[in-house]
Amino acid sequence: MTRSVRIGLILVLFPALLSVVAGWMGAPGFLHPAKRAFTPDMARDADVTFGQIGARREDFDVQAPDGVTLRGWKVRPAKANGAWVLVFHGVADNRYGTEEHARMLLQSGYGVVMMDSRAHGASGGEMASYGWLERKDVSAAIDQLIGTEHPEHIFALGNSMGAGIALQAAGSDARIEAVAAEAPFANLQQAAYDYAGLQRWPLLGKTFFAPGAWVLIYRGERLAGFPASEVSPEKAVKARAFPLLLICDGADVVLPCRHSEAILRAAAGPTELWRVPGALHTGAMGTAPVEYRRRVISFFDSQRNRAGVSSTKRPK
């Protein structure tokens with residue numbers, strides 16, 4: 001073997017080998033994301049925010065099917081319209097990260113449920129499964145919400161990981177009537193390619209660094225005991241038709257718009273995609289606050305009003 005051939009093989013194989021090592025080492029961190037602690041200061045700040053608009057919050061703790069305790073809030077608006085929205089935060093965040101989203105919904109008459117996802121904030125759970133277990137957690141929260149509030153409608157809004165959870169929950173629980181999802185992932189494998197490409201060069205993640213993405217998912221499955229191939233918002237929207245508002249920015253390097261586009265193509269129900277230039281990853285509300293409010297509230301209002309019209313047309 002000539003020296004030039006050996007050098008060529010090293011140049012080709014070294015990135016792949018390096019990515020395999022990184023994927024193997026990164027799997028535990030993928031399942032155990034950094035926790036943003038939930039603090040008393042966050043609760044006090046939320047009380048001020050909600051108090052300014054006449055909303056009232058109370059603790060809302062839910063027992064997951066596997067026994068994990070999930071912590072959150074149930075917030076009632078000053079003037080309720082009968083509908084509730086489940087709001088889901090992103091990875092390594094907690095319910096406080098969705099405070100402004102909740103405020104917007106409460107001002108429009110929607111009750112809001114804000115939960116710390118399992119293995120996040122004040123909730124229990126040893127690992128995040130990005131929707132595999134969380135969708136069952138959501139159904140448990142809905143059971144409890146129905147038992148206490150008797151909502152006329154239930155919707156969901158989520159960012160990033162939270163968007164993926166909301167979509168998967170809606171795919172398996174028909175009580176969620178519509179979902180607004182910003183920067184969701186299409187499936188875990190596609191998201192792994194983005195992370196393997198250092199979130200800036202997804203093509204590298206699918207080529208030189210693809211072995212790392214495969215190993216990350218493979219080891220994650222073995223450590224967590226769930227089928228990563230089934231953690232897929234893309235499959236969820238195909239399995240059940242429900243109205244969907246997708247929000248993304250083409251310049252997002254964390255979860256690019258192609259994830260939302262894949263979900264859009266797979267969706268069995270009516271779907272709208274709003275691209276927000278400059279929003280990057282989950283920044284649509286801060287980038288275009290007026291338009292964000294108009295689109296999201298109009299989306300939920302239209303679903304609520306459509307359901308009301310349908311009920312009046314049913315034969316007595």
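## A disulfide and a cavity

Visitor: Hi! Before I get going, what kind of model is this?
Guide: Welcome! This is a predicted model.

Visitor: Okay, cysteines to start. How many disulfides does the count come to?
Guide: The count comes to 1 disulfide. C248 and C257 form it, with their sulfur atoms 1.9 Å apart.

Visitor: Nice. Is that disulfide right-handed or left-handed?
Guide: The torsion about the S-S bond of C248 and C257 is about 95°, so the disulfide is right-handed.

Visitor: And is C248 buried or exposed?
Guide: C248 has 4% relative accessibility, so it counts as buried; the cut-off for buried is under 20%.

Visitor: What about C257, buried or exposed?
Guide: C257 counts as buried because its relative accessibility is 5%.

Visitor: Switching topic: how many cavities of 30 Å³ or more are there?
Guide: The count comes to 1 cavity of that size.

Visitor: Which residues lie nearest its centre?
Guide: Those are F88, M115, S117, D137 and V138, out of 17 residues that line the cavity. Strand 5 (83-88), strand 6 (111-115), helix 4 (134-149) and helix 5 (161-172) are the elements that give two or more residues to the lining.

Visitor: Which element gives the largest share of the lining?
Guide: That would be helix 4, with 4 residues.

Visitor: Last one: what does the lining look like by class?
Guide: By class, 10 lining residues are nonpolar, 3 are polar and 4 are charged.

Terms used
Residues are numbered from 1 along each chain as its sequence is written. This is a predicted model: local features need pLDDT of at least 70, side-chain atom pairs count only at pLDDT 80 or more; totals for chains, interfaces and linings use all residues. Side-chain values use heavy atoms; hydrogens and water are left out. A disulfide is a pair of cysteine sulfur atoms within 2.5 Å. Buried means under 20% relative accessible area, exposed over 50%, partly exposed in between (1.4 Å probe, protein chains only). On a 1 Å grid over the protein atoms alone, a cavity is a set of points where a 1.4 Å probe fits but cannot get out, and a pocket is an open set with protein on both sides within 12 Å along at least five of seven lines; lining residues have an atom within 4 Å of a point. Grid points are joined across faces, edges and corners, and a volume is the space filled by probe spheres set on the points. Ala, Val, Leu, Ile, Met, Phe, Trp, Tyr, Cys and Pro count as nonpolar, Asp, Glu, Lys and Arg as charged, and the others, Gly among them, as polar.
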